[in-house]
Amino acid sequence: MSRRAWVQVACVAITLFMGVPLYLIALAALSSRESLNRFPLPLLPTDPSVETLRTFLDTTGIVPGFVNSLTVGIGTVLLSLLIGVPGGYAVARYAFRGRGPYQMFLLLTRALPIVVLSVPLARIFLNAGLYDTTYAVTLLHTALALPTTVLITAAIFVGVSREQEEAAMVFGASPMKAFLRIVVPQALPGIAAAAMFTFVLSWNEVLGATILTLNQRTLPAQVLTTLSDSPLAYRFAGGFALVLPAVVFIAIMRRYLLNMWGTTLR
Amino acid sequence: MARTGRRTPPAAVLLIAPSLIFMTALFMWPLVVGVGQALVGPDGPTTAYLRRMLDDPYFWTAARNTLLLIVVLIPLQFAFAIAMALLLRERPRFAGFHFYIWVIPLAISDLAAGLVWLSVFTDRGYLNSALDMIGIDGYAWLSYQNPVTMFIAVVLAELWRATSLVFVIVVAGMQGIPKDYDEAAEVFGATYWQRVRHVILPQLRPSLQVALILRTILALETFAVAQALTGRNLPLLVGETYQWYSVQLNPNVSAAIALVILAVSMLAAAGYLRLMRDQTETR
């Protein structure tokens with residue numbers, strides 16, 4: 001076999017390793033309970049059914065979990081953009097003293113494990129009356145997302161022409177107006193991408209959301225805490241519900257991936 | 001700007017102030033509270049919580065499993081990610097499609113990954129079904145009686161989920177390498193493996209360093225994969241903080257374990273930076 005053929009075979013093998021588990025979880029979630037009890041399990045979708053998924057959605061706590069996950073995700077995106085975009089703009093546009101330490105500080109906070117924050121934050125939020133609210137989880141997720149938001153938006157603003165912004169100010173626009181009219185429209189696609197990354201981070205975070213809530217569980221927290229006493233069908237449907245947004249998200253985002261996660265992640 | 005006088009703080013400070021205040025409130029403050037929770041009892045400083053943590057046999061099993069997971073997983077993951085990036089560099093057919101499938105796990109949480117692989121490895125799951133169809137008896141992959149296959153299942157799930165992060169960093173790093181060196185080496189007769197070893201990998205060092213630190217810290221935090229696949233049969237350190245917090249209702253011991261995780265993360269990061277610097281100096 002030629003070298004090129006080997007490359008093709010290897011690529012297909014890796015794609016199968018990455019893709020087959022996704023197919024299997026979809027297959028399991030879209031099988032009826034009766035066919036999930038059969039053995040051996042059919043490897044082809046012989047009798048697709050939404051019964052398993054419907055039972056999962058009807059379980060107590062799942063729909064509120066969806067709603068909480070959405071609330072926390074959107075809240076995290078808005079808050080981290082509100083706080084992070086000015087920081088990113090400052091890093092991109094101003095050579096101020098303390099810029100280096102500021103960036104170091106952001107990188108350092110990214111290296112802190114979530115668990116180190118979650119347990120003490122639970123006590124702090126308990127005292128502040130925020131425990132077991134979606135606000136508590138939003139604050140934690142914003143703290144996790146903020147360093148990345150600042151670094152990504154900084155990289156985006158570097159790419160926006162400074163001359164146009166200055167020209168607008170020469171013609172009498174205030175700095176704020178120049179920013180809103182000139183910079184924001186150009187930076188918008190990048191900022192939208194950063195927002196989606198933040199949303200996924202929040203959607204996927206399990207441990208902190210579990211520790212900071214009792215009743216206001218997000219979807220992953222709800223699935224995790226009910227895991228040990230649930231039937232397999234429920235777990236498969238839960239896995240599928242958590243995986244599905246990822247597949248859609250990557251389909252939209254794959255163009256930006258290398259720029260965002262590849263280079264700015266440093 | 002002319003309006004920025006001596007008295008008013010410069011614009012940049014105003015712009016970064018909100019994020020600085022926020023990060024201090026949500027990182028530094030909890031850190032201080034956390035140290036207090038782990039080391040201060042109702043009557044002053046105490047080592048009671050640390051001793052309680054160390055006396056728990058689960059702690060040592062969890063520490064051993066976490067370490068073992070990192071030692072086995074990280075080298076495999078890097079070899080796999082570099083191989084994937086090199087394959088893509090050969091511009092195979094359907095490269096765009098392969099790339100899409102290979103990066104999907106990037107957006108999948110470790111809990112979801114655990115559930116996905118549960119459908120494969122569980123007793124009446126897809127792996128045993130497939131084996132049964134070709135006439136091989138099933139195996140209890142995730143039973144606590146088979147710690148080796150249980151561990152392999154967790155490694156496989158993590159390899160599946162988290163290799164794409166390394167892969168994306170490596171691919172982005174490769175894009176930044178000028179082709180000239182590689183072409184020059186080829187002209188002078190270097191084989192493919194010689195070029196990979198002596199031209200491409202050395203230039204990837206900065207990307208690999210970042211990926212290594214990031215992945216080690218993230219691997220230390222692994223927990224929901226093992227939770228979904230094995231329950232508490234394969235305890236990991238972060239899983240133990242969760243256990244102490246949610247089941248034993250003891251936030252103090254939980255905070256003590258969290259501090260251990262923090263210390264190990266910092267050590268790992270410092271160690272890698274040191275190692276990488278030493279190697280660049282001796283080169």
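**View 1. Residues 232-252 of chain A, a span that is 100% helix and 0% strand.** In this predicted model, the end C-alpha atoms of residues 232-252 of chain A lie 31 Å apart. Helices here are DSSP runs of H or I with at least four residues, strands are runs of E with at least two, and both are numbered from the N terminus. UniProt, in an unreviewed entry, lists both spans under "transmembrane region", along with residues 70-92, 104-126, 138-158 and 179-203 of chain A. UniProt positions follow the numbering used here, feature names are shortened, and annotations may be inferred rather than shown by experiment.

A word on reading these views: residues are numbered from 1 along each chain as its sequence is written, while chains are lettered from A and ligands numbered from 1 in the order in which they are written. As the model is predicted, local features need pLDDT of at least 70 and side-chain atom pairs count only at pLDDT 80 or more, whereas totals for chains, interfaces and linings use all residues.

**View 2. Chain A, built with twelve helices and zero strands.** Along its principal axes, the C-alpha trace of chain A spans about 75 × 65 × 30 Å. Of the 266 residues in chain A, 46% are buried (20 or more other C-beta atoms within 10 Å of a residue's own; exposed means 12 or fewer, partly exposed in between, with C-beta atoms placed from the backbone). The unreviewed UniProt entry also annotates "domain: ABC transmembrane type-1" over residues 66-253 of chain A. That stretch is 82% helix and 0% strand, with its end C-alpha atoms 22 Å apart.

**View 3. Where domain 1 of chain A meets domain 2 of chain A.** The domain assignment, with bounds from an automatic or database source, gives domain 1 (1-49) and domain 2 (60-263) of chain A. Their C-alpha centres lie 32 Å apart. Seven residues of domain 1 are in contact with seven residues of domain 2, where contact means C-beta atoms, placed from the backbone, within 7 Å. On the domain 1 side, helix 1 of chain A gives the largest share, five residues. By class, that side has six nonpolar, no polar and one charged residues (Ala, Val, Leu, Ile, Met, Phe, Trp, Tyr, Cys and Pro count as nonpolar; Asp, Glu, Lys and Arg as charged; the others, Gly among them, as polar).

**View 4. The contact between chain A and chain B.** Here 75 residues come from chain A and 78 residues from chain B. Helix 12 (residues 232-263) of chain A gives the most to the chain A side, with 18 residues. That side has 58 nonpolar, 13 polar and four charged residues.

**View 5. B:Phe27, a residue of helix 1 (residues 11-39) of chain B.** B:Phe27 is buried, with 20 other C-beta atoms within 10 Å. Leaving out residues up to four places away in sequence, B:Phe27 touches A:Thr109, A:Leu112, A:Leu117 and A:Ala143.

**View 6. Helix 5 (residues 110-121) of chain B.** This helix has twelve residues and reaches 16 Å from its first C-alpha to its last, close to the 16 Å expected at 1.5 Å a residue (the expected span is 1.5 Å times one less than the number of residues). Twelve of the twelve residues of helix 5 of chain B are buried, so this helix is largely enclosed by the rest of the structure. Among them are B:Asp110, B:Trp117 and B:Phe121.

Notes:
Two residues are in contact if their C-beta atoms, placed from the backbone, lie within 7 Å.
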